[in-house]
Amino acid sequence: MNKMVKVFAPVSIGNVSVGFDSLGLALKPIDGELLGDLVTVETHQDSNNFVLQGKFAQRLPANKESNIVWDVVLAFEAALQQQNIKTTPIKITLDKNIPVCSGLGSSACSVVATVVALNEFYGKPFDDSKLLIMMGEAEGKISGSLHYDNVAPCFLGGLQLMIPKQQQVALQLPVFDSVYWVLAYPDVLISTQAARDLLPKHYDRETLIHFGQNLAGFVAASYEKNLELAFAMISDEIAEPYRAELLPDFQTTKQTMLDMNSLAMGISGSGPTVFSACRTLEEAQQQASWLKLNYLQSDEGFVSICQIDQQGTRKIQ
Ligand code: HSE
């Protein structure tokens, strides 16, 4: 019998400035657009087949062996075989709607959607923690190190704190539902690997103390539902000072957002997308208009007003 599963995986902000490699937030546009990748898995004759389509498909090599989705299929099939589960030929289609190297967790979208679609297709043989580990390993191959700050929120939704301890990878944190998150992707290319290579190998004691205080303060204030304090803790001494130069006029952009009453503004993941958190829709719209006019570098850049996506990756068909 022919079977088909279609899965959507949303964009995410890695780091959220205050939690380098440790915090990630899934987002959805308020206008209902599906901002993320779609993966469809269906029964196929003969052998596995891969189709690449979507708005940003042309930015990836067309051959299947160069696409992370194909690596995920092979790894998933190996895991099935270890469990003595029979595999079947499939056609897998990636709708690549998020540009690669955007700082929006683009590769995580592809990886997570593929893993979830395959798991659904095969009748859910693996639980969430096993799936998350598979996702992290695949994502690590692309970005050069194992970090879950995009795959965990993309998969599970909401705001996730990475705590790779005792077989648990992530903890869900409370969020401020009322906040609007403006995302601006300028369309300049920054690879996560290159952006990581720019960072110091070691940090001084003062920087480490600030990092611990800010992240702990953010988490505690989030639990206390103290919005102003939580957002006041959002600052980044780990990555932003070293990566700012990669982004188009980042300091001016940041200062302008703060002058326009932003709660917090920073680099999404390794950039070049930036985010600004806003108290009201009106402020978000004003900031989005400024970013459209001043931060975008090509017609393929975009600005999106979002709120938190609590659902994460989901089957839509
Ligand atoms: N947390 C990683 C980084 C990946 O900033 O390098 C972000 O997507």
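The model is predicted, so local features need pLDDT of at least 70, side-chain atom pairs count only at pLDDT 80 or more, and totals for chains, interfaces and linings use all residues. Residues are numbered from 1 along each chain as its sequence is written, and side-chain values use heavy atoms, without hydrogens and water.

A salt bridge is a side-chain nitrogen of Lys or Arg within 4 Å of a carboxyl oxygen of Asp or Glu. The count is 9. Asp21 pairs with Arg196, with 2.7 Å between the closest N and O atoms. Asp21 sits in the loop between strands S2 and S3 and Arg196 in helix H5, so the pair ties together parts 175 residues apart in sequence. Helices (H or I, at least four residues) and strands (E, at least two) are DSSP runs, numbered from the N terminus.

Glu300 bridges to Arg59, also at 2.7 Å. This pair links loops 241 residues apart. Arg279 meets Glu228 at 2.8 Å, N to O. Arg279 lies in the loop between S11 and H10, Glu228 in H7. Shared partners join Arg59, Asp187 and Glu300 into one network.

Now the leucines. Leu189 lies in the loop between S9 and H5. Its relative accessibility is 69%, so Leu189 counts as exposed; the cut-offs are under 20% relative accessible area for buried, over 50% for exposed and partly exposed in between (1.4 Å probe, protein chains only). Beyond neighbours within four places in sequence, Leu189 contacts (heavy atoms within 4.5 Å) Val100 and Cys101. Leu246, at 31%, is partly exposed. Its loop runs between H8 and H9.
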